Amino acid sequence: MVNKQVCESEGIIWIKLVACDLDGTLLDENHQLSQRNIQAIQRLHKAGINFMVATGRNYQSVAPMFKKEGIHCDCLLLNGALITDALWKTAVSYTDAGNR
């Protein structure tokens, strides 16, 4: 067992980022964010751990569900072709798959 106090005193951070798929993972059977998962994401933020969505979906199908819950997270969209910032304002990275 790892002693949390020893790790903190030595400046060791074990988890910096949690990335999660949506369909079949984070979303429930109704394709909605459950209260349990919303609370888990909020606990990650409070613990200083970044949360990121990784999905094949596009921005228009992802942004509304997180904005509705007040969750700001980076998103890896379109199977990695687009990365948006936590405030959904900017494309951090975009890959045009048609030009490969």
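Colleague: Which residue of β4 does Leu76 stand opposite?
Modeller: Ile83. This is a predicted model, so read every pairing here as a feature of the prediction.

Colleague: In which sense do β3 and β4 run, and how many bridges join them?
Modeller: They run antiparallel, with three bridges between the two strands. Together β3 and β4 form a hairpin, and four residues lie between them.

Colleague: What about phi at Asn79?
Modeller: Asn79 has a positive phi too, about 55°, and is not a glycine either. Asn79 belongs to the loop between β3 and β4.

Colleague: Is Asn79 buried or exposed?
Modeller: Use the cut-off: a residue is exposed when its relative accessible area is over 50%. Asn79 has 71%, so it is exposed.

Colleague: Stay with β3. Which side chains point to which face?
Modeller: They alternate along the strand. Cys75 and Leu77 share one face and are buried.

Colleague: How many bridges join β3 to β2, and in which sense do the strands run?
Modeller: Three, and β2 and β3 run parallel. Take the partners by name: Val53 has Cys75 in β3 as its bridge partner. For Ala54, the partner in β3 is Leu76. Leu76 also stands opposite Ile83 in β4.

Colleague: What unit do β2, α4 and β3 make?
Modeller: A β-α-β unit, and a right-handed one.

Colleague: Where does β1 come in, and in which sense does it pair with β2?
Modeller: β1 covers residues 17–20 and pairs with β2 in the parallel sense, over four bridges. Cys20 is opposite Val53 of β2. On the β3 side, Val53 has Cys75 as its bridge partner.

Colleague: Step back. What is the order of elements from the N terminus?
Modeller: α-β-α-α-β-α-β-β-β. That comes to four helices and five strands.

Colleague: Now the core. Why look for nonpolar side chains as a group?
Modeller: In soluble globular proteins they tend to be buried together.

Colleague: Which residues touch the most other members of the largest nonpolar core here?
Modeller: Leu26, Leu33, Phe51 and Phe66, in a core of 19 residues. Several elements give two or more residues to this core: α2 (22–26), α3 (35–46), β2 (50–54), α4 (59–68) and β3 (74–77).

Colleague: What is Phe51 in contact with, leaving aside neighbours within four places in sequence?
Modeller: The list includes Leu17, Val18 and Cys20. Leu26, Ile41, Leu44 and His45 are also in contact with Phe51. Phe66, Cys73 and Asp74 complete the set.

Colleague: What share of the chain is buried?
Modeller: Of 100 residues, 28% are buried. The accessible surface is about 7000 Å², and carbon and sulfur atoms account for 52% of that area.

Colleague: Among contacts between residues at least 6 apart in sequence, what share joins residues at least 24 apart?
Modeller: In this chain, 41%.

Colleague: How many salt bridges does a search of the whole structure find?
Modeller: One. It joins the side chains of Arg57 and Asp23, at 2.7 Å from N to O.

Colleague: Where do Arg57 and Asp23 lie?
Modeller: Arg57 is in the loop between β2 and α4, while Asp23 is in helix α2. The two residues are 34 apart, and the pair links distant parts of the chain. Asp23 has a relative accessible area of 36%, so it is partly exposed.

Colleague: How far apart are Ala47 and Ile15 in sequence and in space?
Modeller: In sequence, 32 residues; in space, 9.8 Å from C-alpha to C-alpha.

Methods
Residues are numbered from 1 along each chain as its sequence is written. This is a predicted model: local features need pLDDT of at least 70, side-chain atom pairs count only at pLDDT 80 or more; totals for chains, interfaces and linings use all residues. Side-chain values use heavy atoms; hydrogens and water are left out. Buried means under 20% relative accessible area, exposed over 50%, partly exposed in between (1.4 Å probe, protein chains only). Contact means heavy atoms within 4.5 Å. Accessible areas come from the Shrake-Rupley method with a 1.4 Å probe; for residues, only the protein chains shown count as cover. A nonpolar core is a set of buried Ala, Val, Leu, Ile, Met, Phe, Trp, Tyr and Cys residues joined through side-chain atoms within 4.5 Å. A salt bridge is a side-chain nitrogen of Lys or Arg within 4 Å of a carboxyl oxygen of Asp or Glu. Two strands pair if DSSP finds at least two bridges between them. A crossover is right-handed if, with the strands pointing away from the viewer, the path from the first strand over the helix to the second runs clockwise.
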